[in-house]
Amino acid sequence: MRIKAKSKGGVTTAKVMAKHPMMSYAEAEKKGKKANFITYVIAKVGDETVYEASTSQFLSKNPYLKFAFKGDHKGKEITITWSDLSGKSKTDSKKIK
Amino acid sequence: MKRLHKILLTAGLGVLTMGSLQADLLQDAAAADVKKVCDVQANGLDKVLATAAMYNAEAVKLGIEFKRLGVTNSNYVKTTTEAAKAKKKEVVLEYKKKGKVKKQKLATDYAAWRACSFAIRALQQKAEAESTWRLAVPGDGYKY
Amino acid sequence: MLLKVVKISALVAITACTLNAGSFNTQAEKDRQALVTYMEAKFKDADKNRAFFPYSSDDELKNNFPKNIKEKDFALGSYAFNSRGKSQYDDIKEMPPYEDAIDAGEELYGKKFANGKSFKECFPKTDIAGNYPYFDDKKAAVVTLTAAINDCLVANGEKKWNEKKGKLAKLQAYFSFQSQEAGKKLDIKIDSQAAADAYERGKKEYYSQRGYLKLSCATCHVQGAGQRVRAEYMSPLLGQVTHFPVFRLKWNSLGTLERRMNGCNKDQGENPHKPKSKWMKELLYFMAYMSNGMAVDGPDIRK
């Protein structure tokens with residue numbers, strides 16, 4: 001996962017690009033593979049959840065998510081976890097600038 | 001010393017003749033009337049294909065052979081010649097696109113015309129470009 | 001008296017020689033300036049200069065083309081004069097898809113060959129992307145970065161890499177990025193008659209019509225710059241090579257300049273010239289000189 005997070009003017013903006021094939025059902029059928037895509041994303045700073053989303057096959061390959069939340073969190077770590085249809089999940093963290 | 005001179009002279013002459021042979025094909029092509037020379041009805045399939053092969057060889061040497069929709073002119077020449085020998089009415093050209101083999105079907109007569117006209121036009125364009133290229137250069141022949 | 005005359009003539013002769021030594025790129029400089037003048041004039045006010053854009057719509061000339069585009073702006077390619085495209089480009093640049101390639105390139109740079117050496121021996125500095133192509137007087141040939149990388153591999157007993165994509169493109173992405181970070185500009189040299197001749201041959205090829213569609217490179221990228229082929233704007237020759245290797249959305253991967261050139265050949269209806277051919281190298285030498293002095297800004301995204 002590539003994570004970029006910056007705090008400015010009391011707002012923190014995070015940009016995340018996950019590495020995932022995000023294969024939809026239609027594409028999977030065409031290619032003879034199993035459908036698999038990220039279904040859930042959660043971002044936390046410390047114990048606080050700052051972003052949470054249910055996602056589906058509508059996101060493209062290597063999806064790019066951008067979100068903002070209140071507060072100046074410079075120096076803290078943002079931790080992002082995604083889980084996918086197959087049950088696999090991945091977590092990555094990055095310091096907020 | 002005399003021998004060296006002789007060798008150099010013959011070598012020089014050899015280079016000149018080779019050079020002029022090449023220039024000959026280019027000049028021939030430049031002067032050719034494509035519609036007449038590549039007309040299958042008028043000249044016969046075999047003659048048109050022979051013309052195509054001759055000029056295309058030159059085009060390949062100069063690095064200017066045409067490639068249209070995945071099919072190189074060498075492919076047109078070779079496959080059509082084979083089809084003509086086997087007296088087939090249709091030519092099936094195979095070419096690769098993204099690793100997969102694709103097919104293009106053409107009438108043999110049309111394919112022969114194509115092979116011939118592609119070969120000659122490639123050479124004609126090269127000859128023509130010699131005198132026209134500067135017209136596109138800003139600061140040279142291009143006026144705006 | 002005679003001695004004085006001899007001394008003066010000797011001095012004049014030497015000065016003439018040194019002055020001449022820098023003059024091999026005179027014609028190239030003239031060509032480059034003429035190109036800059038043309039592009040800046042053309043795109044000064046697209047709406048007013050309609051003669052340059054016979055097939056463009058009112059809307060795009062009025063609303064899509066910014067005015068007064070200057071030399072360095074052209075490095076953005078068609079995004080320089082396609083405002084709508086530029087906003088899409090800016091969005092993608094927030095998280096560019098080539099960042100992994102740069103990291104991979106850095107790894108390849110330091111990775112040891114079987115003989116214990118690495119690219120570090122061939123390329124002691126990494127901010128060198130703007131120095132290629134150059135004319136090697138000893139080899140009497142143009143050396144492109146692609147060729148230099150493969151030469152290094154072969155010299156160290158390794159197999160050549162594919163000249164269009166994959167590892168070679170990634171290593172180029174690293175060099176290009178390092179050059180961009182160091183603020184380097186394209187520094188193309190024409191230091192000998194042989195080099196000037198190679199430049200002239202490349203120039204001739206650029207402007208000669210070829211292929212089934214009888215298009216020259218200039219048809220699309222000089223006279224055609226700013227015009228469209230269906231929905232796509234054609235990019236200008238000025239600033240064209242500064243941003244390679246390029247992550248092209250059409251390929252969904254990184255490709256070298258040679259990879260794009262092959263595509264162009266096919267678009268013209270000609271069998272593509274090989275990346276290692278003299279034709280390709282001399283053409284790239286010419287193209288690079290046309291962007292001489294512009295900042296290296298690769299790798300970048302294009303459609």
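Is Met22(A) buried or exposed, and how many other C-beta atoms lie within 10 Å? Met22(A) is buried, because 22 other C-beta atoms sit within 10 Å. For that label, a residue is buried if 20 or more other C-beta atoms lie within 10 Å of its own, exposed if 12 or fewer, and partly exposed in between, with C-beta atoms placed from the backbone.

Before going on, a word on what you're looking at. This is a predicted model, where local features need pLDDT of at least 70, side-chain atom pairs count only at pLDDT 80 or more, and totals for chains, interfaces and linings use all residues. Residues are numbered from 1 along each chain as its sequence is written, while chains are lettered from A and ligands numbered from 1 in the order in which they are written.

For the complex, the predictor gives an ipTM of 0.85 and a pTM of 0.88. Chain C averages a pLDDT of 93, and 95% of the residues score at least 70; pLDDT is the predictor's confidence in each residue, from 0 to 100. Within chain C, helix α1 (residues 2–21) has the lowest confidence, with a mean of 63, and α12(C) has the highest, at 98. Helices (H or I, at least four residues) and strands (E, at least two) are DSSP runs, numbered from the N terminus.

**Who touches whom?**

Two residues are in contact if their C-beta atoms, placed from the backbone, lie within 7 Å. By that rule 2 pairs of chains touch, and chains B and C have the most contacts. Chains A and B don't touch: their nearest C-alpha atoms are 15 Å apart.

Between chains C and B, 23 residues of chain C meet 16 residues of chain B. On the chain C side, α2 (26–42) and α9 (193–207) are the elements that give two or more residues. The most comes from α2(C), with 5 residues. That side of chain C divides into 8 nonpolar, 8 polar and 7 charged residues. Here Ala, Val, Leu, Ile, Met, Phe, Trp, Tyr, Cys and Pro count as nonpolar, Asp, Glu, Lys and Arg as charged, and the others, Gly among them, as polar.

**Inside chain C**

Chain C is assigned domain 1 (28–95 + 191–302) and domain 2 (99–181), with bounds that come from an automatic or database domain assignment. The C-alpha centres of these two domains of chain C lie 24 Å apart. Across their boundary, 23 residues of domain 1 of chain C are in contact with 25 residues of domain 2 of chain C. On the domain 1 side, α9, β6 (253–255), α11 (257–268) and α12 (278–290) of chain C each supply at least two residues, and α12(C) gives the most, with 5 residues. That side splits into 11 nonpolar, 6 polar and 6 charged residues.

Most residues other than glycine have a negative phi, and most peptide bonds are trans. Here are some exceptions.

| Where | What | Angle |
|---|---|---|
| Phe244(C) and Pro245(C) | cis peptide bond | omega about 0° |
| Gly298(C) and Pro299(C) | cis peptide bond | omega about -15° |
| Met22(A) | positive phi | phi near 45° |
| Lys214(C) | positive phi | phi about 50° |

Pro245(C) is in the loop between β4 (232–233) and β5 (246–248) of chain C, and Pro299(C) is in the loop between α12 and β7 (300–302) of chain C. Our opening residue, Met22(A), lies in the loop between β2 (11–17) and α1 (25–31) of chain A. As for Lys214(C), look in the loop between α9 and α10 (217–221) of chain C. Lys214(C) counts as partly exposed, because it has 16 C-beta neighbours inside 10 Å.
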